[in-house]
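Visitor: I would like a guided walk through this model, one question at a time. Where shall we begin?

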Amino acid sequence: MTLTQFEDNISRYGTAIDSWPQTARAAALALLAASPQAARLLEQASRLDRLFMVEACPPPPAVAAILSRATAPRPSAWSRLSAALSLEIGSFSWLQAGGLAACLAVGVIIGSVMTPQREVISLALLDFGVGAQSGFGAHLDTEDE
Amino acid sequence: MNPPPGLSVSAEQSDEALVDLVAGGDRQAFAVLIERHRHRAMRLAYTVTRNRSAAEDVVQEAFLRVWTKARDWDRSGAARFAGWFGRVTVNLAIDGARRVREDPLDDTLPLADPGTPSDDAVHAGQIARRIGQALATLPERQRVAFALCQIDRMSNAEAADSLGISTGALELLLVRARKAMRSKLADMIEAIR
C-alpha cells in the first residue's frame, strides 16, 4: 500500500483501521509500522475527528416543545386552504377587486367589438391581393396581440 | 425489561418497539424517542444547514414526520429507525440549507456567551466559526456525506442507503469532503494536541 492509497483509505473508511475492510487492514498496519509519514497522516486525520468532537452545537428544542408541536391537532387540508384563501381575499381591497372586474369587462367588450373589424380588414386586404402570409399580415397580427 | 406499572414504555425498549407504540398514539413512547434522538438530529441538521433556527425547524419537522408516519413504518423488514430518521433529518436539512441560502441574514453560528466570555468559550466560538466556514464551502452532497459519516457516525453502507446512492458513490463524496476539510482546517489540526 502506498502513502497515497493509505491517505485515500483514511478518508474513505475513517481513522479506526480495525473497522477497515480485511483486505486493506493488514497492508495498512504494515505501512504504519514502517512509515513515520503514514503515522503522521493518521494522526492528522484523528485530530480532525477530535476537532469535530469539540465543536459546539446549539442545543436542540426541548422535548416538551417538540412533543407539543408534533402532536398538536392539525387542521384539515380543506380548512387550511380556506384559511389561506380568506387571508388572500382579506388583503385584497374591494377597490382592487372592482378595478380588476372593470378591466375584465372592458377586455371582453373590446374583444367582441374588434373581432368583426379584423375580419373586415382581412377581407379587404385579400381584395387588394395582400394575403395573411405576407409580412404585413403577420405584422398586423403581432401588433394586435 | 418490562415497563413499570402504569407506564407503557421503558428506557431500555428499542427504537423500533417505541415506534410501534407511537403508531398507536403513545405520547410517552414518543417522548422517549425524542429524548433519545433530538441531540443527534440537531447536530446533523446544524452540520448541514449551519444555521441554528433552520436546524431547530428541521428537528421539529423530523419528529413531526415520526408522529404522523409511524403507522407506515415497515415492521416486516430489518429497517432500523435510526437510519430512517437520519435520512429524513438530512433530507429536511438539505431543504433547510437551501432556504438559508435564499435568506442568509438569519445566520447564527454558536457564539460564546456575550456576557462575560471565558477563554474557553471564545475558543469554542472560534472553532465553530472556522468549522462552519469550511463546511459551508463543501458542495452540498459532500457536506451531507460528511455529516452522516463524520458527525452521525453512520457506517458507509448505512449512509449510502440513507441517501439512496451506492456505497462507492458515497465513499467518493466522503474522500473529497474529508480531504477538503483537512486542507481547509490544516492550521487548526496542527494546533490540536
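Guide: Let us begin with a loop. In this predicted model, B:R153 lies in the loop between α6 and α7 (156–163) of chain B.

Visitor: What is the phi of B:R153?
Guide: B:R153 is a residue other than glycine, yet its phi is positive. The value is near 60°.

Visitor: Where is B:R50, and is it buried or exposed?
Guide: B:R50 also has a positive phi, of about 55°, although it is not a glycine. Its place is in the loop between α2 and α3 of chain B. The cut-off for burial is 20 or more other C-beta atoms within 10 Å. B:R50 has 23 of them, so B:R50 is buried.

Visitor: How do α6(B) and α8(B) lie to each other?
Guide: Their axes are 8 Å apart and the packing angle is about 90°. Angles of 65 to 115 degrees count as roughly perpendicular. The two helices are therefore roughly perpendicular.

Visitor: How do the residues of the contact of α6(B) with α8(B) divide?
Guide: From α6(B) come residues including B:R141, B:A145 and B:F146, and they meet residues of α8(B), among them B:L170, B:L173 and B:M181. By class, the contact divides into eight nonpolar, one polar and four charged.

Visitor: Which residues is B:A145 in contact with, leaving aside its neighbours within four places in sequence?
Guide: B:A145 is in α6(B), on the side of the contact that meets α8(B). With those sequence neighbours left aside, its contacts are B:A159, B:L170, B:L173, B:L174 and B:A177.

Visitor: Where does the largest nonpolar core lie?
Guide: This core holds 57 residues, and B:V22, B:A45, B:V59 and B:A145 touch the most other members. Its largest share, 11 residues, comes from α2(B). Both domain 1 (11–108) and domain 2 (117–193) of chain B give residues to the core, so it lies between these two domains.

Visitor: Which residues does the second, separate core include?
Guide: This core has six residues. Among them are A:I10, A:A28, A:L31 and A:A38.

Visitor: Which residues of helix α1 of chain A are buried?
Guide: Helix α1 of chain A covers residues 3–13, and A:G14, with a positive phi near 95°, follows it. The buried residues of the helix are A:F6, A:E7, A:N9, A:I10, A:S11, A:R12 and A:Y13.

Visitor: What share of each chain is buried?
Guide: Chain A has seven helices and zero strands, while chain B comes to nine helices and zero strands. Of the 145 residues in chain A, buried residues make up 13%. Of the 193 residues of chain B, the buried share is 38%.

Visitor: Which element gives the most to the side of chain B that touches chain A?
Guide: On that side, 37 residues of chain B are in contact with 23 residues of chain A. Elements giving two or more residues include α2 (27–49), α3 (52–69) and α5 (119–137) of chain B. The one that gives the most, with 11 residues, is α2(B).

Visitor: How do the residues on that side of chain B divide?
Guide: The classes are nonpolar, polar and charged. For the side of chain B that touches chain A, the division is 24 nonpolar, three polar and 10 charged.

Definitions and conventions:
Residues are numbered from 1 along each chain as its sequence is written. Chains are lettered from A and ligands numbered from 1 in the order in which they are written. This is a predicted model: local features need pLDDT of at least 70, side-chain atom pairs count only at pLDDT 80 or more; totals for chains, interfaces and linings use all residues. Two residues are in contact if their C-beta atoms, placed from the backbone, lie within 7 Å. Helices (H or I, at least four residues) and strands (E, at least two) are DSSP runs, numbered from the N terminus. Ala, Val, Leu, Ile, Met, Phe, Trp, Tyr, Cys and Pro count as nonpolar, Asp, Glu, Lys and Arg as charged, and the others, Gly among them, as polar. A nonpolar core is a set of buried Ala, Val, Leu, Ile, Met, Phe, Trp, Tyr and Cys residues joined through C-beta atoms within 7 Å. A residue is buried if 20 or more other C-beta atoms lie within 10 Å of its own, exposed if 12 or fewer, and partly exposed in between; C-beta atoms are placed from the backbone. Domain bounds come from an automatic or database domain assignment. Axes are lines fitted to C-alpha atoms, for helices over the stretch in contact, and angles run from 0 to 180 degrees between N-to-C directions. Angles under 35 degrees count as roughly parallel, over 145 as roughly antiparallel, 65 to 115 as roughly perpendicular and the rest as oblique.
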